[in-house]
Amino acid sequence: MNEVRTSIVTAVPLEWVLLVAAGLFCIGLFGALSRRNIVGILMGVELMLNAVNINLIAFWRYLEPTSTSGLVFSIFTITVAAAEVAVGLAMVISVYRTRRTINADEIDTLRG
Amino acid sequence: MNLFEFGWLIPLLPLGAFALITVFSPFYRSKHISSGIAIGAMLLATILAWGIGAQGATDGFHGAGTEADQTAEGAEAEHAAEGEGGGTESHFAGFGDAYQTGFDWAATGNTIFRMGYYIDAPVAAMLAMVTLASLCIHIFSSGYMAEDKRYSRFFSYISLFTASMLGMLLADNLLLFFICWELMGLCSYLLIGFWYFRPSAYQAAKKAFITTRIGDVGMMLGLLYLYREAGSLSLGTGEGQIFNPEFLQRIGSTTNTLGISVATGIALLLFMGTVGKSAQFPLHVWLPDAMEGPTPVSALIHAATMVAAGVFLVARTYPIFLAGNALPVVAIIGAFTAVFAALIAVAQFDIKRILAYSTLSQLGFMVAALGIGGWAAGLFHLLTHAFFKALLFLGSGSVIHGMEAAVGHDPVKAQDIRNMGALRRYMPITWITYLFGFLALAGIPPFAGFWSKDEILADSFEVGFAGGSAIGIVVYIALSFAAFLTAFYMTRQYVVVFNGEFRGMDPRPANADPSEKVAVETGHNTHGVGEHTAAVYDAHGHSAHQAHSPHESPWTMTLPLVILALFALGAGFVNAGAPPLNIHWFAHFLAQEAPTFNWLTAGIATGLALLGILLGWLMYRNAFVHSTDTDPLEAMAPGLFRVLNNKFGVDELYGATVGRATDGLGVGLRLIDRAVDGVVNGVGLLSLLWGKLNFILDDFVLNQGADTLAEVTTYTGDGMRQTATGKIQDYGALIFVGVLIIGLIYLYAF
């Protein structure tokens with residue numbers, strides 16, 4: 001039988017992937033803006049970053065599969081995200097030690 | 001030890017005394033301390049001055065910076081001999097060596113003005129005379145002023161006065177000279193007006209100050225002119241100094257726009273200073289009025305300081321006079337003043353006024369001597385005259401002091417010679433010393449006045465008859481006449497004061513003499529004020545009692561008289577040129593050639609003096625029996641006497657011309673002032689309006705505008721502040737909204 005080799009490119013249109021990424025981004029954004037726990041906020045940020053990663057990979061795979069820049073970009077993003085989480089969690093611990101709370105609403109020293 | 005190095009101490013000692021007395025009130029309050037300081041400082045200065053004189057006489061006047069002068073000396077003497085072109089022959093042979101030292105004072109650009117002091121033979125001689133005379137006057141004052149309430153102030157003033165004179169003598173440049181000269185003007189003002197509650201005293205002070213100022217303006221112009229030409233005011237013959245031979249040659253041969261040589265112009269301007277300070281005609285009017293000051297002040301002004309300064313100015317700047325043609329003017333003014341003042345002196349009754357006019361006359365002698373080239377003679381007469389004139393003034397002070405016991409503290413009564421008489425019986429020491437002064441002034445050998453006056457007459461005789469100069473002849477005749485008059489009026493004064501019977505028990509009424517206008521004014525004024533202030537200006541502490549006999553003065557007053565009397569007798573022997581004596585020490589000291597003694601002029605002068613004395617004796621021996629008697633001269637020639645008594649009306653003339661002109665000028669200036677006032681007021685009004693306009697603009701536009709701006713800024717800031725909650729999620733939401741908006745714009749706008 002003439003098996004039609006179907007790849008994800010033919011099976012799933014680009015728009016769907018982008019919609020998934022947008023949804024993920026919105027979930028992350030909502031989480032980042034609505035959580036009162038700083039750790040939750042960081043998790044939301046991670047979701048938004050991953051949504052971006054999906055976008056990068058999707059555009060590479062659908063539009064420019066021959067170049068490697070999409071892959072490299074996403075690797076960079078993951079690395080930076082890891083570093084960001086490390087710094088962010090260290091700051092959370094530091095804030096907790098000084099203020100005995102990680103509630104974002106209570107940390108408002110910069111209020112004008 | 002080189003005493004010249006301490007020369008600067010001489011003026012600083014009395015200046016220090018002035019400062020100490022004035023600044024420290026304990027000194028000021030105590031009479032003994034203040035007079036002690038002043039007299040002590042004066043004594044030290046005297047010792048130092050005589051030490052310097054002695055050193056100069058034995059070792060000469062070498063010193064810093066004179067090496068260059070040495071070489072120029074010969075050239076200058078040569079030049080001096082050929083320099084005068086007015087037909088006069090000069091006996092001046094240069095200044096001789098000098099000690100000069102100083103420091104850079106004002107360095108501006110390339111010119112450096114030096115200040116310092118300068119000692120040569122004439123300076124040393126003057127220092128010795130001024131310090132000694134001033135010392136005597138200081139000691140005399142401690143007795144004469146003993147009861148005055150402002151005793152300490154008097155001593156501080158006379159210390160400053162003497163310090164200025166000494167500073168002027170020692171000045172090594174004409175600027176310092178001028179500064180000290182003006183300081184003397186100030187001191188004369190303060191001292192003539194010392195009893196300022198007498199209207200006549202403060203008027204006399206103003207008159208002295210303003211009159212001398214007229215001369216000083218000329219002198220200052222002369223100094224500026226000289227500085228412009230020479231670029232320096234430093235005394236000395238070196239390069240760039242004012243007596244440099246090439247410089248004198250240059251100013252002597254350059255002609256300015258007036259058609260006279262530059263040197264003549266400078267010399268005439270400088271001579272104006274002399275005319276003012278030494279009270280030569282026509283600026284002589286202040287000196288007789290200066291008699292309003294306390295008598296020691298009169299002595300100081302007439303002998304040691306002030307008037308000597310004017311003559312010394314000419315003597316000091318003599319090379320400039322020689323370089324130009326100014327000397328004939330000097331000679332004529334001097335000779336005229338000598339005769340003019342001697343004539344006035346004949347008809348005065350105030351003992352001090354007679355002496356004042358005699359000073360004018362003698363100053364005329366000195367100035368005339370300088371004018372005909374008798375530099376050494378003029379200086380010699382200046383020195384001897386200082387001694388016997390100080391003696392005569394202090395003697396008259398002693399007489400007045402004694403008279404006040406008899407007639408009370410009325411200067412008009414106590415100084416009128418018609419109220420005196422027979423004082424030799426009451427005041428023997430004063431009498432003897434006064435006799436010495438009288439003989440010296442009259443020019444009787446061997447007293448000091450004879451030698452110096454004779455030297456002047458011999459010089460003018462030689463210039464006039466041997467040199468064939470008309471000016472010399474005129475000067476000789478004028479001075480001989482003046483010498484005769486001097487003997488006459490001094491005999492008149494002496495006989496009326498010391499001989500006859502005492503008339504003070506019944507003194508003249510104050511206003512018996514309508515011709516003595518000034519004196520009458522004085523009398524009225526002091527009567528008006530005097531009743532109340534008698535205790536204040538009462539110099540001698542006696543209440544105004546009458547019918548006492550005059551008495552001899554205390555030793556503080558007679559001791560200076562004795563010292564000065566010895567000098568009046570002996571001072572002339574430093575230059576007694578008559579053959580058996582042949583003393584030319586002073587001429588050699590001044591580095592001048594010794595003059596030959598002229599038996600003819602000496603004989604004529606002595607004869608004239610004796611004639612004057614004889615005439616005076618005959619006329620005044622029995623002239624006054626009562627104090628109200630008429631002067632015999634007035635009886636003989638009433639019109640002439642009135643003119644002389646009225647001083648030729650020069651005061652009235654000045655009142656009618658200069659005084660009127662000044663009044664008129666004042667009225668005119670007032671009119672101009674009114675006009676100027678109007679303009680000024682108009683400008684003021686306009687400024688006011690403009691100011692109001694500005695105020696409106698300021699208040700309503702600028703102020704309000706700025707306020708509104710500030711309010712808006714505050715309000716906006718407050719609003720914006722609300723968004724800065726400090727909560728990270730609010731910021732995140734805002735960023736999200738922002739990105740959303742930018743995204744929407746991006747989507748739909750482009």
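Where is the place of B:Met220? I started there and found B:Met220 in helix α8 of chain B, residues 199-230. I note that helices here are DSSP runs of H or I with at least four residues, strands are E runs of at least two, and both are numbered from the N terminus.

Before going on, I noted the ground rules. The model is predicted, so local features need pLDDT of at least 70 and side-chain atom pairs count only at pLDDT 80 or more, while totals for chains, interfaces and linings use all residues. Residues are numbered from 1 along each chain as its sequence is written, chains are lettered from A and ligands numbered from 1 in the order in which they are written, and side-chain values use heavy atoms, without hydrogens and water.

**Entry: B:Met220.** I checked its cover. B:Met220 counts as partly exposed because its relative accessibility is 41%. The cut-offs: buried is under 20% relative accessible area, exposed is over 50%, and partly exposed lies in between, with a 1.4 Å probe and protein chains only. I also looked across to B:Gly273, 53 residues apart from B:Met220 along the chain. Their C-alpha atoms are separated by 8.1 Å.

**Entry: the loop between α10 and α11.** I went to the loop of chain B between α10 (262-277) and α11 (286-289), where B:Pro282 sits. The peptide bond from B:Phe281 to B:Pro282 is cis, with omega near 5°. B:Ala279 is in this loop between α10 and α11 too. B:Ala279 is not a glycine, yet its phi is positive, about 55°. Is B:Ala279 buried or exposed? I found B:Ala279 buried, at 0% relative accessible area.

I wrote down the background. Most residues other than glycine have a negative phi, and most peptide bonds are trans.

**Entry: another cis bond.** I found the peptide bond from B:Pro445 to B:Pro446 to be cis, with omega near 5°. B:Pro446 lies in the loop between α20 (428-442) and α21 (448-466) of chain B.

**Entry: chain A.** I looked up A:Arg100, in the segment after α4 (69-99) of chain A. A:Arg100 has a positive phi of about 60° and is not a glycine. A:Arg100 counts as exposed because its relative accessibility is 60%.

Entry: I turned to helix α30 of chain B, residues 728-749, which holds B:Leu744. B:Leu744 is partly exposed, at 46% relative accessible area.
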